[in-house]
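This report goes through selected features of one protein model. The sequence and the coordinates come first.

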Amino acid sequence: MGNSQLSAAKKAKNDEFYTRMTDIEHELVHYRKHFKGKVVLCNCDDPFESNFFKYFALNFNPLGLKKLIATCYSGSPIAGGEYQPSLFDDDVDENTGRHRRAYKAVVNVFRDTTGDGGLDMDDIRNLLDSGENELTELHGDGIYGAGDFRSKECLELLDEADIVVTNPPFSLFREYVATLMEHGKKFVIMGNKNAITYKEVFPLIRDDKLWIGATSLNGGRWMIMPSNSEVESPKAKKDRNGDIILNVAGVCWYTNLDITKRHEDLLLYRRYKEDPSRYPKYDNYDAIEVSKVKDIPEDYWGVMGVPITFMDKYNPAQFELIGISEQNGHGMSGGVWQGGDPKPRIDGGARYTRLFIRRRA
């Protein structure tokens, strides 16, 4: 997943990470107008664990949702230990406490029966046990397992949905995004920042079919890990709820829903003519190197190579995305160049990724 924390977790067979409610709230507040009257699908989410499901259930009425659907590949360890729907009572893994079968949860109506404004295990049980909502088993299709977002029954749910919101498996991010695009879905999803450079993803960004969400690319994200996690890291700790959380670098939001941030101009105050020497030219490409986003000159109209963090400030009305390349002082090394030949090269410096942009008139 592009960083040492996630790599360590994978080696320890702890590759499941859950999103904190506070991060979901901070991001989704920017999209509230999009959800009224819509069917929302969380297709990588166990309703007993997922804060995405809890967020949309709790906000079902304020957002004016038409329906909420959640699917998961395997049952929740919480569900296995504390709430076992009758459908799955005879199918609990004794070692993990998880249900081996996958299921979908559908919310058509949300009623706060306790009046406390929360959604604990009893609330979820009552919500899904009511005759107005449902919890049913998923079976898979012989190619993909039950609950897999690529299975026929999950694709049918995808076609029913208007907006998809979730934290998909980062290892399947390329295929996950391709599936959403193929089915013409609107979405707000999490992924690794390095996905910007993927040859399957960057063209979508360049062509304004996908962009970075409202939350800044800078800084790490505290992600919730399963209770049986054994990752040893100075960036792991327990939060006030007793959950093990790990500070993971490079996690960001991707969306194709319009947000205010996307239309804000980047304020430019540097001038190229005052000191051209601070903007070295590439050896074999007609572009200048701008090492920091804040140093983009307001008086230069040619192509510029800028850090990937520029995507935080990207306004398609102000700038044109031309290509992306990973390079070092000896030329290209394992990167993706999507701007035509030749591949840009600049002497000196460590390996780094550059976006190539141009000001719009």
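Predicted model: local features only at pLDDT ≥ 70, side-chain atom pairs only at ≥ 80, totals over all residues.

**Nonpolar cores**

The largest nonpolar core has 47 residues. Those with the most contacts inside this core are Ile196, Tyr254, Ile296, Phe310, Met311, Leu321 and Leu355. Helix α8 gives the most to the core, with four residues. In soluble globular proteins, nonpolar side chains tend to be buried together.

Phe310 shows what such a position looks like in terms of contacts. Setting aside neighbours within four places in sequence, Phe310 is in contact with Val293, Ile296, Phe319, Leu321, Leu355 and Ile357.

**Helix α8**

Helix α8 spans residues 173-182, and its buried residues are Phe173, Tyr176, Val177, Thr179 and Leu180. Viewed down the axis of α8, these residues fall within an arc of 155°, so they line one face of the helix. What does this buried set pack against? Its partners are the helices α7 (152-160) and α9 (202-206), together with the strands β6 (163-166), β7 (186-192) and β12 (251-255). Just after α8, Gly184 has a positive phi of about 65°.

**Strand β4**

Strand β4 covers residues 102-107, and six of its six residues are buried, so the strand is largely enclosed by the rest of the structure. In a regular strand the side chains alternate between the two faces of the sheet. In β4 both faces are covered: Ala102, Lys104 and Val106 are buried on one side, and Tyr103, Ala105 and Val107 are buried on the other.

The strand has two antiparallel pairings to describe. Strand β3 (residues 67-72) runs antiparallel to β4 and is joined to it by five bridges, with Thr71 opposite Lys104. Strand β5 (residues 134-138) also pairs with β4 in the antiparallel sense, over five bridges. In that pairing, Tyr103 stands opposite Glu137.

**Aromatic pairs**

The structure holds 12 aromatic pairs. A pair of aromatic rings is described by the distance of the centres and the angle of the planes. Two of the pairs are listed here.

| Pair | Geometry | Centre to centre | Angle between planes |
|---|---|---|---|
| Tyr272 and Tyr279 | tilted | 5.7 Å | 40° |
| Tyr285 and Phe356 | edge-to-face | 5.6 Å | 85° |

Tyr272 is buried, with a relative accessible area of 16%, and Tyr279 is buried at 2% relative accessibility. In the other listed pair, Tyr285 and Phe356 are buried as well. Tyr285 lies in the loop between β12 and β13 (287-289), and Phe356 lies in strand β17 (residues 352-359), so this pair ties together parts that are 71 residues apart in sequence. Elsewhere, Phe35, Tyr55 and Phe56 form one aromatic cluster.

**Cysteines**

How many disulfides does a search of the whole structure find? The count is zero. Cys154 illustrates the point: the closest cysteine sulfur, in Cys44, is 8.8 Å from its own sulfur, which is too far for a bond. Because its relative accessibility is 3%, Cys154 counts as buried. Cys252 is buried too, with a relative accessible area of 1%.

Asp23 lies in helix α2 (residues 21-28). Is Asp23 buried or exposed? The relative accessibility of Asp23 is 14%, so this residue counts as buried, the cut-off being under 20%. Apart from neighbours within four places in sequence, Asp23 is in contact with Arg221, Trp222 and Trp253. The C-alpha atoms of Asp23 and Thr215 are 8.8 Å apart, while the two residues are 192 residues apart in sequence.

Pro316 is placed in the loop between β14 (303-306) and β15 (319-328). With a relative accessible area of 15%, Pro316 is also buried. Which residues does Pro316 touch, not counting those up to four places away in sequence? They are Asp208, Arg262 and Arg360. His263 is 53 residues from Pro316 along the chain, and their C-alpha atoms are separated by 7.7 Å.

Definitions and conventions. Residues numbered from 1 in each chain as written. Heavy atoms only, no water. Buried < 20%, exposed > 50% of the residue type's maximum accessible area, 1.4 Å probe, protein only. Contact = heavy atoms within 4.5 Å. Arc of directions from axis to C-beta. Disulfide = S-S within 2.5 Å. Core = buried A, V, L, I, M, F, W, Y, C linked by side-chain atoms within 4.5 Å. Pairing = 2+ DSSP bridges. Phe/Tyr/Trp six-rings, centres within 6.5 Å; stacked < 30°, edge-to-face > 60°.
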